[in-house]
Amino acid sequence: MQDDVRPALHEFVVKVNEPVAQDTYRLLIEAPELARTIAAGQFMNLQVPGDASHILRIPLSFSCADAAAGTVELVYAVVGEGTARLAAMAPGQRSTLTGPSGTGWRVPEQPGRVLLVAGGVGLPPVIAAARMLAAAGVGFDAVVGARDAAHLYERGVDELRGMAPDQLCDCARRVLVTTDDGSAGIRGFVTQAVEPLLAERTYVQLMACGPAPMLRGVAELADAAQLPCQVSLERLMGCGFGACSCCNVELAAGGYALCCQDGPVFDAKEVVL
Ligand SMILES: Cc1cc2nc3c(=O)[nH]c(=O)nc-3n(C[C@H](O)[C@H](O)[C@H](O)COP(=O)(O)OP(=O)(O)OC[C@H]3O[C@@H](n4cnc5c(N)ncnc54)[C@H](O)[C@@H]3O)c2cc1C
Ligand code: FES
């Protein structure tokens, strides 16, 4: 997998499209070239058939790309018209996507454990990050937050727990769940689980994806602990490949970057969260 491959148009076939939590679906598509070339943290833009008036593609991250099987797994929330039509796609249906798009996660240069933090449907790219780290022999802990137990993508949490054990560390991996209402795991926001972990265990870096307030909170905790933090951002997107400038991300040093090309993964210190 590489993230210097330019986005191209690919046909995909739906293999599985199943509900996995409240308003949340797991989509497995067959797209062999994409599965070979997409890197953790990159995304794709899917065309959902069914409405000629809806011309914009839907940007979605992925959780697993299996080059041998030629498949890519996505997990998405139904929030509006496009994702509702996506949820109605049946196995065997075909459409197109563009990808691999954007700049993904980077494996930390310094040896040591990473703390992964996911909120809501920020979980899929965090699962991809975990796979990338596990393949590189880098250890990780994770905190996964959801609104409540019904919205928690439990299979994703199990995947994080079940990935190959850390090769460089003999201490057990911690994968903590938080829910806003306490219906699963720790009651509260992810930051309430991140803070004690940072005090208790040693990390070289944080990697986070989720809603903007969550990312601000996680980046503040990383800053206080003097740790680098990569964040994966979401923006409304038009073209998805750098042509329309509608996905601006404000830079801390002034000016703007494009979420669809320079991101979605940024160094938290370089952007205004
Ligand atoms: C790089 C990237 C990766 C993403 N990965 C995932 C993923 O793995 N899983 C997932 O569930 N969602 C992901 N999203 C968000 C997803 O693209 C939107 O939820 C989707 O486009 C909404 O389309 P819609 O037509 O159903 O909703 P609309 O009817 O267009 O909008 C419904 C609501 O969702 C908001 N919304 C629409 N598009 C976006 C967007 N791009 N970012 C944030 N909010 C949006 C709207 O403001 C509105 O409040 C990602 C977005 C980006 C930019
Ligand atoms: S979505 Fe068009 S430039 Fe980023």
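This is a predicted model: local features need pLDDT of at least 70, side-chain atom pairs count only at pLDDT 80 or more; totals for chains, interfaces and linings use all residues.
Residues are numbered from 1 along each chain as its sequence is written, chains are lettered from A and ligands numbered from 1 in the order in which they are written, and side-chain values use heavy atoms, with hydrogens and water left out.

The chain is assigned domain 1 (8-101), domain 2 (114-229) and domain 3 (233-273); such bounds come from an automatic or database domain assignment. Taken over C-alpha atoms, the centres of domain 1 and domain 2 are separated by 24 Å. Domain 1 brings 16 residues to the contact and domain 2 brings 14 residues, where contact means heavy atoms within 4.5 Å. Between domain 1 and domain 2 the buried area is about 1200 Å², and carbon and sulfur atoms give 63% of this area. Buried area is the accessible area (1.4 Å probe) that two parts lose on being put together, summed over both. Of the area that domain 1 buries against domain 2, 35% is supplied by Gln-22, Ser-63 and Val-75, more than by any other three residues.

Side chains of opposite charge can pair when their charged atoms come close. A salt bridge is counted when a side-chain nitrogen of Lys or Arg lies within 4 Å of a carboxyl oxygen of Asp or Glu. One salt bridge is counted between domain 1 and domain 2. Glu-18 and Arg-155 form a salt bridge, with the closest N and O atoms 3.1 Å apart. Three residue pairs, both members at pLDDT 80 or more, are in polar contact across the interface of domain 1 and domain 2. A polar contact is a pair of N or O atoms within 3.5 Å; within protein, one must be able to donate a hydrogen and the other to accept it, and residues adjacent in sequence count only if both atoms are side-chain atoms.

On the side of domain 1 that touches domain 2, strand E1 (8-21) and strand E6 (71-77) each supply at least two residues. The largest share, four residues, comes from E6. Helices (H or I, at least four residues) and strands (E, at least two) are DSSP runs, numbered from the N terminus.

By the same rule, the salt bridge count comes to ten. In one of these, the side chains of Glu-159 and Arg-131 meet at 2.8 Å, N to O. Glu-159 in helix H4 (residues 154-162) and Arg-131 in helix H3 (residues 123-135) are 28 residues apart, and the pair links distant parts of the chain.

Around ligand 1 there are 19 residues, of which Pro-59, Ala-77, Gly-82, Thr-83 and Arg-235 come nearest; a residue is near a molecule if one of its heavy atoms lies within 4 Å of it. A polar backbone atom of Pro-59 is 2.6 Å from an oxygen atom of ligand 1. The corresponding distance for a polar backbone atom of Gly-82 is 2.8 Å, and for one of Gly-80 it is 3.2 Å.

Gly-99 and Pro-100 are joined by a cis peptide bond with omega about -5°, and Pro-100 is found in strand E7 (residues 94-101). The peptide bond from Gly-263 to Pro-264 is also cis, with omega near 15°. Pro-264 is placed in the loop between strand E15 (256-258) and strand E16 (265-267).
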